[in-house]
Amino acid sequence: MVVGVWPGSAYPLGATYDGSGTNFSVFSEVAERVELCLIAKDGSEERVNLDEVDSYVWHCYLPTVTPGQRYGFRVYGPWDPANGHRCDPSKLLLDPYGKSFHGDFDFSQALYSYDLTAPSATGEPPGVDSLGHTMTSVVINPFFNWDNDRVLRTPYHETVIYEAHVKGMTQTHPAIPEELRGTYAGLAHPAIIEHLRSLGVTAIELMPVHQFLHDHRLLDLGLRNYWGYNTFGFFAPHYQYSGNQHAGSAVAEFKTMVKSFHDAGIEVILDVVYNHTAEGNHLGPTLNFRGIDNAAYYRLDDDDLSLYKDFTGTGNSLNARHPHTLQLIMDSLRYWVLEMHVDGFRFDLASTLAREFYDVDRLSAFFDLVQQDPVISQVKLIAEPWDVGEGGYQVGNFPGLWTEWNGKYRDTVRDYWRGEPATLGEFASRLTGSSDLYEATGRRPSASINFVTCHDGFTLTDLVSYNEKHNEANGEDNRDGESHNRSWNCGVEGPTDDPEILELRERQRRNIFATLMLSQGTPMISHGDEIGRTQQGNNNVYCQDNTLSWMDWTMCETNAALLEFTRTVVAFRRKHPVFRRRRFLAGQPVRSTGQIRDIAWLTPAGEEMTLEDWDSGFGKSISVFLNGDAIPEPNARGERVTDDSFLLCFNAHDEALDFVIPGEDYGASWAAALDTADPHGHTELVAAAGETISLQARSLLVLRKTA
């Protein structure tokens with residue numbers, strides 16, 4: 001029984017344990033009365049009326065409540081869907097600021113505020129109590145010994161990002177104890193950290209770890225929401241990823257994981273989903289936001305307030321133009337930086353956050369808040385610069401602090417190596433940091449997060465093995481997932497024993513990895529590509545929590561050459577600053593200032609490219625000269641940066657081509673530094689100015705100037 005109810009304070013929102021007791025606070029502008037419900041171990045509840053209200057924030061302080069206490073809220077107010085209000089006190093509502101959750105959802109009638117047998121979602125709620133059918137919020141212990149943990153702040157031009165899934169990375173690793181597989185502790189295991197360090201990774205980007213929901217439709221199909229883009233708890237680490245699934249244990253385990261990565265020099269970036277929630281459309285369950293203040297938290301249809309605007313394809317869109325919703329997003333971001341010590345965020349469908357009214361507005365309130373925030377403005381901010389609404393494709397249009405997943409880089413590199421007709425100018429722009437997209441906003445090449453594969457779509461192996469998606473296992477008759485993949489199966493769809501096709505596929509993987517690491521910008525690797533992970537042609541494994549989506553660590557041996565090649569090209573990039581310049585290349589004319597320009601574009605004949613060459617419909621071969629003596633930007637200590645000079649020879653043609661080494665103005669002699677025609681990237685080739693060399697079909701050769 002609760003002993004003593006103190007007024008408490010409106011801030012901070014959520015449940016905050018201070019070492020003596022716990023302050024509870026929840027926002028609802030529409031509420032007429034709010035109850036705090038304390039849930040006992042036997043499942044019974046004790047209700048505490050929140051009598052204190054300041055600016056629509058309902059609060060109290062309970063001096064006897066300590067970490068581990070499970071709780072929820074009941075909100076009394078109008079049930080008026082026609083005006084956007086859906087209060088239903090029969091629902092035990094989860095705390096929007098909950099730091100931890102426990103239990104599960106059974107998707108019975110109790111979770112819904114309408115009769116499931118007659119789903120209009122506008123009639124009176126049936127009044128079935130959801131206690132015992134829903135998860136509960138949990139009071140956590142916020143205290144943790146971080147020792148000497150420090151912010152790494154790895155510069156973007158030195159960053160190599162590795163996108164990963166907590167469970168997918170760890171579920172089958174033989175060195176990880178079975179009880180730790182699929183957990184934060186498993187991800188922090190020395191075997192995983194050593195793998196990442198050996199690759200040269202500086203940041204791990206985790207697919208969603210905010211508490212998410214496995215939606216009912218997938219569970220009925222025997223599937224799960226594996227990717228996790230179905231959040232309802234923006235402050236809580238997904239507790240099913242905790243090895244010890246006691247109430248509140250995930251928080252300490254997550255912090256320990258972050259500390260372990262930092263000790264290894266690896267930053268932690270979170271893929272966050274502030275664009276929608278797991279409550280779905282008007283026929284979804286009532287879990288928290290909908291029942292607390294539906295009109296404040298969600299974008300409602302202007303013509304019918306009982307329905308939701310959907311810029312995300314998931315049923316609803318979070319209302320980022322409401323001050324309390326904006327506050328929730330910003331409070332969540334600060335919490336993960338200050339309390340959980342993460343180093344940055346990748347924002348899923350970020351264009352949705354920029355929709356002030358309908359159109360995407362680069363100067364929306366959300367971006368203004370981020371710009372002036374002393375905490376969030378200093379971490380890595382990565383946008384997925386599109387959503388599914390009209391005008392949602394916004395690559396290149398985000399503000400100055402932001403970097404972006406460069407979808408144009410992905411598409412261009414895929415098209416180039418599969419042999420599609422395309423202009424060399426587009427390829428050249430993507431290779432040199434996409435100045436056409438980012439320079440006008442004062443950004444640098446690192447604003448381009450360069451990637452060819454990611455969680456969404458084909459793996460690298462499948463990209464060179466399938467022309468068509470094969471998503472039958474998802475239960476949607478292969479209708480889901482992207483149909484235009486810009487992939488090429490090299491002659492046979494799927495698995496084959498043909499040695500020529502297998503060799504070509506291996507070379508194509510090396511071509512793509514090498515291009516990624518030789519490009520100006522910030523490279524991102526998708527987990528498992530370095531060992532040839534396959535999803536058997538499925539390009540949308542969002543619901544496949546099984547071996548189809550998990551990493552198969554036996555491939556470290558099966559594809560040992562690919563793994564070693566990946567390590568080689570990442571190390572090559574790290575060693576040579578000419579491939580990771582902080583500023584865009586200038587490309588001044590030869591000898592205009594008494595020096596060779598910083599970059600020159602050459603035909604296979606060794607001559608400078610003309611306008612006619614750039615517009616050539618063939619467009620499959622080109623050489624790029626990078627001058628290591630023409631790097632104007634200094635290092636962090638203000639010292640001049642110099643490097644070797646290189647000649648990059650690209651041949652995406654289906655036949656071998658002759659390349660002429662350019663004249664002595666560029667260099668008298670050259671030696672091969674990297675060759676994708678070789679499984680290990682090595683060759684003993686040396687050449688002199690004016691000499692002709694042959695490049696194998698679909699290969700990339702990097703020559704280093706030796707004199």
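**Notebook: cysteines, a sheet and a core**

I started with Cys87, which is buried at a relative accessible area of 3%. My cut-offs: buried is under 20% relative accessible area, exposed is over 50%, and partly exposed lies in between (1.4 Å probe, protein chains only).

A note on what I'm looking at: this is a predicted model, where local features need pLDDT of at least 70 and side-chain atom pairs count only at pLDDT 80 or more, while totals for chains, interfaces and linings use all residues. Residues are numbered from 1 along each chain as its sequence is written, and side-chain values use heavy atoms, with hydrogens and water left out.

**Cysteines.** How many disulfides does a search of the whole structure find? The search turned up zero, taking a disulfide as a pair of cysteine sulfur atoms within 2.5 Å. I checked Cys37: its closest cysteine sulfur, in Cys60, is 11 Å off, which is too far for a bond. Cys37 also counts as buried, at 0% relative accessibility. Back at Cys87, I found no disulfide there, and the nearest cysteine sulfur, in Cys37, sits 14 Å away.

**An open sheet.** I traced five strands in the order β4-β3-β7-β11-β10, with antiparallel pairing. The edges are β4 (45–49) and β10 (101–102), each pairing on one side only. Strands (E, at least two residues) and helices (H or I, at least four) are DSSP runs numbered from the N terminus, and two strands pair if DSSP finds at least two bridges between them.

**The core.** The largest nonpolar core has 158 residues, and Phe345, Phe347 and Phe366 have the most contacts inside it. Helix α7 (residues 323–338) gives the most to this core, eight residues. Such a core is a set of buried Ala, Val, Leu, Ile, Met, Phe, Trp, Tyr and Cys residues joined through side-chain atoms within 4.5 Å. I looked up Phe345 beyond its neighbours within four places in sequence: its contacts (heavy atoms within 4.5 Å) include Leu333, Trp336 and Val337.

Past its neighbours within four places in sequence, Asp331 touches Tyr97 and Phe235.

**Helix α8.** In α8 (residues 365–372), Phe366, Phe367 and Val370 are buried. They line one face of the helix, because down its axis they fall within an arc of 95°, taken from the directions from the helix axis to the C-beta atoms. I found these buried residues packing against α7, β19 (344–347) and β20 (380–383).
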